[in-house]
Amino acid sequence: MVNRAWSGGQDAFRRVLKNLRISLDVTQSDLADKLEYPQSYVSKYESGERKLDYLEVKAIVNSLGMTIGEFDALLDLTDQHQDVFQNNSLLTKIKTQETQR
């Protein structure tokens with residue numbers, strides 16, 4: 001069941017985490033294994049049943065090969081309604097820009 005207390009921004013945040021995982025062809029089970037959690041952990045935060053703290057988000061993002069800065073840039077683009085997951089060059093651009101900082 002989705003947590004109804006999620007704001008629009010928090011819901012978008014969940015979707016970005018899920019879409020990032022999917023765009024990288026990583027299954028919930030694969031990500032959970034990297035994080036050393038059960039698959040249900042990933043399922044629950046993706047469905048909105050569980051909220052994440054900063055350290056959990058950092059671990060998830062790092063496990064997906066991104067830094068927090070790169071993930072933040074991805075969120076900014078998503079806030080601007082750019083479909084970053086349909087355009088892998090945008091993901092590459094984010095990683096390149098963050099590396100140059």
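Visitor: How many aromatic pairs does the structure hold?

Guide: Welcome! This is a predicted model, where local features need pLDDT of at least 70, side-chain atom pairs count only at pLDDT 80 or more, and totals for chains, interfaces and linings use all residues. Residues are numbered from 1 along each chain as its sequence is written, and side-chain values use heavy atoms, leaving out hydrogens and water. Rings of Phe, Tyr and Trp (its six-membered ring) pair if their centres lie within 6.5 Å. The number of aromatic pairs in the structure is three.

Visitor: Is the pair of Phe-13 and Phe-71 stacked or edge-to-face?

Guide: Planes under 30 degrees apart count as stacked, over 60 as edge-to-face and the rest as tilted. For Phe-13 and Phe-71, the centres are 5.7 Å apart and the planes stand at 80°. The pair is edge-to-face.

Visitor: Which helices hold Phe-13 and Phe-71?

Guide: Helices here are DSSP runs (H or I, at least four residues), numbered from the N terminus. The two residues are 58 residues apart, so to speak linking distant parts of the chain. Phe-13 lies in helix α1 and Phe-71 in helix α5.

Visitor: Why does Phe-71 count as buried?

Guide: Buried means under 20% relative accessible area, exposed over 50%, and partly exposed in between (1.4 Å probe, protein chains only). Phe-13 counts as partly exposed because its relative accessibility is 22%. Phe-71 counts as buried because its relative accessibility is 2%.

Visitor: Which residues form one aromatic cluster?

Guide: Tyr-41 and Tyr-45 both lie in helix α3, four residues apart. One aromatic cluster is formed by Tyr-37, Tyr-41 and Tyr-45.
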